[in-house]
Each structure stands twice: as structure tokens, then as C-alpha cells.
Amino acid sequence: MSELLQQIINGISLGSIYALIALGYTMIYGILRFINFAHGDVFMVGAFIGFYLAPRIKALFGGSLLIATPVVFLIAMIGCSLLGVTIEKLAYRPLRPQPKLTVLITAIGVSLFLEFGGQLVFGPDPKLFPTLIPSSTVINTQNLVVGSNSIAVIVTALVLMLLLRFVVYNTKIGTAMRAVSYNHRAASLMGINIDTVISFTFVLGSSLAAAAAILYASVYPSINPLMGIFPGLKAFVAAVLGGIGNLAGAALGGLIIGLTETFVVGYISPTFRDAIAFSILILILLFKPSGIMGKDEPEKV
Amino acid sequence: MRKTLGILTALTIGAMLLSCGGGAKQDEILIGEYGSLTGTTATFGQSTHNGLTLAVEEINNAGGVLGKKIKLLTEDDQSKPEEAATAVTKLITRDGAKAVIGEVASSRSLAAAPICQDNGIPMVSPASTNPEVTRKGDYIFRVCYIDPFQGEVLAKFAYNSLGLRNVAILKDVRNDYSVGLAQFFEETFVGLGGKIAATQAYSEGDTDFKAQLTALKGANPEAVFVPGYYTEGALIVKQARELNMTMPIIGGDGWDSSKLVEIGGEALNGSYFSTHYASDDTNYMVKNFVTKYKERYNETPDAMAALGYDAGLILCDAITRAGSTDGAAIRDALAATRGFRGVTGTISIDENRNARKSAVVIAVVDGKLQYKETIQP
């Protein structure tokens, strides 16, 4: 029983990170109807921004993590937003009239560019991520240990998701986003600037990826330029599982993938860790391609 | 037509000249080195390279071997077995290396060894401890002990010195070294009367070990044995402490890297690992080596640096005794190595082309590595 409870905590903490990344996939899909495969690598860049900035910012605030950590989060989020918007402007926007497959392949190209460009710029060997969240034990009973790390991850993820929900459902730009996701042309006829809305979507998605990266690197403090591949792929599976294009679905999908992965590793075999996410992907595509919370939308041919 | 032919000839000659570019001059002996200068086990390759470079410089300053200078050619395998095979093929067939030194990781030595064997080029592994490596053929040697011995040393250390009776294992299932060491540890430990509480696995490159550790915690072990490499080892120790697992955690020589303490930090206190030498050993050879290494690189050499140094010295010693750079002659001279006094102990090559020597156990105390005990074969 105690082991089960502990595994649930482990799973939720991992799942919250997947959920944050999955939100980026799902929002961009919702607006542009294509999978931004470079998203996982934007996540990686976020971790490296944190890696280079954290020591300097910590020194600036005299080692006080209470101020330094939010500042690192903020700068990494801004940095990744800029990266996301640049990628969209340079790589995806010129291809917007082209078939979706062209953009998809370009996204894979951008992803490879970031991964191997990262190896060139940051160096290919793993680096130690500086401590931003002090690790201490918050809850400690006979049965259950919950560290400050796990709590910080879960709380930050929750706050960011609520913030996102507020932006999408309660602000003007959020309404514009939803309008664009229904119909590009109708939205632009209503006077919505499509380019601005798309850029804004990339800002939201990329900054969530940056936040996820800082959380991920704080819990698993070894980072390298290829670190975005697997979390990225699993978050993509999470987005599909929840119903791609659906925000609540992405969050739910992330949690399910995180929990399933933890249970499979803990109770069956760790060699299935990566296989399980992709088995879920195959099953969901076979039996309910629209995902748990997605609506059935027949593709017009 | 004639013009085309002319261009073709020029190109062919050009290509031939280029392909000889990396080759040896008359007064040089080429030795190839392949290692993980980058990737998940980057410090292994870098330390070995530093140690080996130091050995080659010393030999060249003292007049070289057979009246010629040693020229070291180094290839990076990025910590990947498939790259190791490519690197060794390149060193042998394109550059014409007379002998090859490498690798630290057994899985990469295993990938490269058949290529050396097929080409009749002697290969000396500085630190691959999996027994399979030298079974690849009679041209494959090593200057370190093998895992059946290391597993036995660790099991005896856990059982006798630490008084442990109930130990859990967390091994890297995709790594020949880790799987082998776990098996040999278990055999000896159970043979002594100990019990393996539970076994869990991970794969190299993983960063999240909490699920496995939680499962192990449920089995209430007195200690956890983690045969693997330093990046994962340090992360495992860190996450174990976060789950309030305060028992000793024990590793093998794959833990020996300056990065271990850098990543693991205070969490490592109260953990132990076996390795090939201790830099705070008071032996004359060790002291001399540590001083020279610090002067040259401004850091304390780890075991991989010491083994790289020893591998270089032993290979050059064998070439001198062979009196030629012929592959078979160097092989026979290497096989005849007896009582060579290296930094990592006195090295004799046995009939299976392995070195018989003692192992050292190191404890982590207050974030520092401390010599604990030496165990003889």
C-alpha cells in the first residue's frame, strides 16, 4: 500500500512535466493542424538557458533561491518564447499555404537542427544542472516520502495550467485563439490578425516547455542536447491520448503517461519504460484516434 | 577523352596521397587510441587520453621505442559502441596503426575487439572489466582486473567489512559491464550466505529512477548495489536519498570519475565503490604519477587516467621487447608481460590475456573520496 502511494506521487510528478510539454503540442496543433516536432528541442534549449543563467542570477541575488528561481524561470520562458516565435516565422510561416506534410517534415528538420546544433554549441557531454529548488523532505512518514522537488513540480505545473486556462478562456487574445482554431478564414474576416495569434500560441507553448525544462532538470539534474527527444515524444503521445487540440486532454494525457510509465517500471520491468508510451499511442490510434477528450472529426478528403 | 583520363588519374593520385596523410613517417611508430571523449561517459575517455598522452610524452622524451618516436592518433567514439567499431576500423585501415589502445566501457571494447583481431593488430584495453572482452581473440589484452574478481571483492567487502546480509541490486540491463558485475556480485554474496533482497534494472541514459528505487525500498535492503557508470550512479544515489533511503550504496569502477561527486554531492556520503587505484595511496609509483599528472593537467588523476598511463607503458614495453612493430611479435611480447610495475599495481598478463592485480575500495566521506582498503586477488 505504501509503495503504491509512493509510486503514485512519483508518477504524478513525472506526469505533470509531460503535461506541460503536451500542452504546447496540443495548442499548436489546435491552431495550425500540424505536430511541431521541434517542441521537445525547445524544451532542451530551455534547460540550457537555465543551466547558463542560474549561477549568474544566483550570484546576483546573493544566493537567495526564493528570488533567483522565479527569475530563472521567467528568463528561460522568455528565451524559449523568442525561439518558438523565430522558428515559426522562419520555418513554418513561409510554408503555411503548402500541404501540412511539408510543414511536418520541416518541423523534423528544425528538431534535428536544434539537437545537433545544440551538440555543437553546448557540447555533447551531459552537464550538471545547478540546484534551483532545494531538495528537502517535506512529508516523511513510515509509508510515504514526499520531497520539496515533487511538490514544487506539481504545484508549479498546476499554477501554470490554471494560468493557461485563464488566458485561453477569459482574455481577448484567448478568444481569438479559439476562433482561429475553429476556422482561420472566418476568424480573419472578423478582423483577427492570424499571424499575431499564431505567434502568441508559440509564445504560450514554448514558455510552458521552458518551465517544464527547468522543473525536469531540477529533478533529474543531468542535461544534454538530446535530452528533449524522449520527453518530447512522450508528451506528444500524451497529447494524442488526451485528444489532440484539447487542453484538458493534454494535461490528463500527461498524467496518465507519467503514472503508467512509473507503474510499468516499478511493477513490471524497466525495459518497457519507453515501449509503454508508444504501445499506448498505437492502441489509441487503433481504437479511439480522437483521444479520450477529443471530439470525432471526420477528416475531409 | 584524354582530358577526362588525365583528371581521373590526378584525382586517384590525389586520393592516394590524401589517404596516406594520416600515416606514419619513417621515424615514427603509430599507436591508435579510441575512447569516449564526449557522451555519457566522457570523463572515461578524457582521463584515459590524458594518462596515455603523459606516458607517450615520457617515452618520447626518453628517446622513444626502437629508436623511433611514438605517435598517438586519437579517435572519439562519442560513448557509442557502433562509433567505436568505426573509429577502430579507421585507425587500422586508413591510418595504419600498429597497435590500438581502448576502451574503458566493455560494450565498446567488445564492438572493436573483433576488428583488431581480424586485422592482426594487438589491442590493449585500459579498463574494460567484462571477461568477454579478451575472449574475442589472442590479440586482445587488458591491463585491469576482470569482473568475476571485482564482483567477488565487492561481495566480500559488503559481507565482511560492512557486515551486510541483505542487499538489493539496481543494474543497467543494456550494458555488458553492469549485467556481468551484478551477476558475479550476486554469486559470491549468496555463496557467503547473504541474501539478494530484490533486483531492479534501468537503461543507460535514463534520468528517472524513482520507480525502481521505490520498489527496492519496499524490500527493505541494508544496502543497494549499483553496478553502472557514474552519471546514472550519481543520479540514483541522489534520488535514493530523496526517497529517504539512507543505507550505503555500493558501486564498481564505473563510478570512478570526478563527475560522480559533482553530480551526486552530499547525497554520496556513506557510499563505496571499488576501483583500480587510490590517488591518496602513499606508494612511490602512485605519488610520482599523481605529481606529474597534476603538473601537466592541474587535476587529480582518477583510475582511468592511471590505467591509460599503464596501458601506454605496457604496450611500449612490449614493442621494445618484441624488437619490431609486427602485430604477431607485439602480441607475443604482450602475452609474456610479467611483474610490470605500473601505477595501478604490479601487472602480470595471465593465459587469458587479463591482468592479475589487486582492487581498491574507496569510500565517500564528506563529499570527498577516501581510500578504504586494498583487496588482493
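Predicted model: local features only at pLDDT ≥ 70, side-chain atom pairs only at ≥ 80, totals over all residues.
Residues are numbered from 1 along each chain as its sequence is written, and chains are lettered from A and ligands numbered from 1 in the order in which they are written. Local features need pLDDT of at least 70 and side-chain atom pairs count only at pLDDT 80 or more, while totals for chains, interfaces and linings use all residues; side-chain values use heavy atoms, with hydrogens and water left out.

Chain B is assigned domain 1 (10-145 + 282-357) and domain 2 (147-275), with bounds from an automatic or database domain assignment. Taken over C-alpha atoms, the centres of domain 1 and domain 2 of chain B are separated by 30 Å. Where these domains are in contact (heavy atoms within 4.5 Å), domain 1 of chain B supplies 18 residues and domain 2 of chain B supplies 20 residues.

A nonpolar core is a set of buried Ala, Val, Leu, Ile, Met, Phe, Trp, Tyr and Cys residues joined through side-chain atoms within 4.5 Å. Buried means under 20% relative accessible area, exposed over 50%, and partly exposed in between (1.4 Å probe, protein chains only). The largest such core has 94 residues, and B:Phe185, B:Phe289 and B:Leu315 touch the most other members. Helix H11 (residues 303-322) of chain B gives the largest share of this core, 13 residues. At least three residues of the core come from each of domain 1 and domain 2 of chain B. Apart from this core lies another, of 90 residues, including A:Ala38 and A:Ile194. Beyond its neighbours within four places in sequence, B:Phe185 has contacts that include B:Gly151, B:Leu154, B:Val167 and B:Phe225.

Helices (H or I, at least four residues) and strands (E, at least two) are DSSP runs, numbered from the N terminus. B:Ile319 lies in helix H11 of chain B and counts as buried, at 0% relative accessibility. B:Ile319 and B:Ala99 are 220 residues apart in sequence, but 9.4 Å apart in space, C-alpha to C-alpha. Leaving aside neighbours within four places in sequence, the contacts of B:Ile319 include B:Ile29, B:Val65 and B:Ile330.

B:Ile330 is also one of the buried residues of helix H12 (residues 327-335) of chain B, along with B:Gly327, B:Arg331, B:Ala333 and B:Leu334. Seen down the axis of H12(B), the buried residues fall within an arc of 165 degrees, so they line one face of the helix; the arc is that of the directions from the helix axis to the C-beta atoms. Their cover includes H11 and strand E12 (345-349) of chain B.

E12 belongs to an open antiparallel sheet of three strands, in the order E11-E12-E13 (chain B). Strands pair if DSSP finds at least two bridges between them. Strand E11 (340-342) and strand E13 (355-356) of chain B are at the edges with a single partner strand each, so one side of each has no neighbour in the sheet. E11(B) and E12(B) are joined by three bridges.

Another open sheet has seven strands in the order E7-E6-E8-E9-E10-E14-E15 (chain B), with mixed pairing. Within this sheet, strand E10 (residues 271-275) and strand E14 (residues 359-365) of chain B pair in the antiparallel sense over four bridges. B:Thr275 has B:Val360 in E14(B) as its bridge partner.
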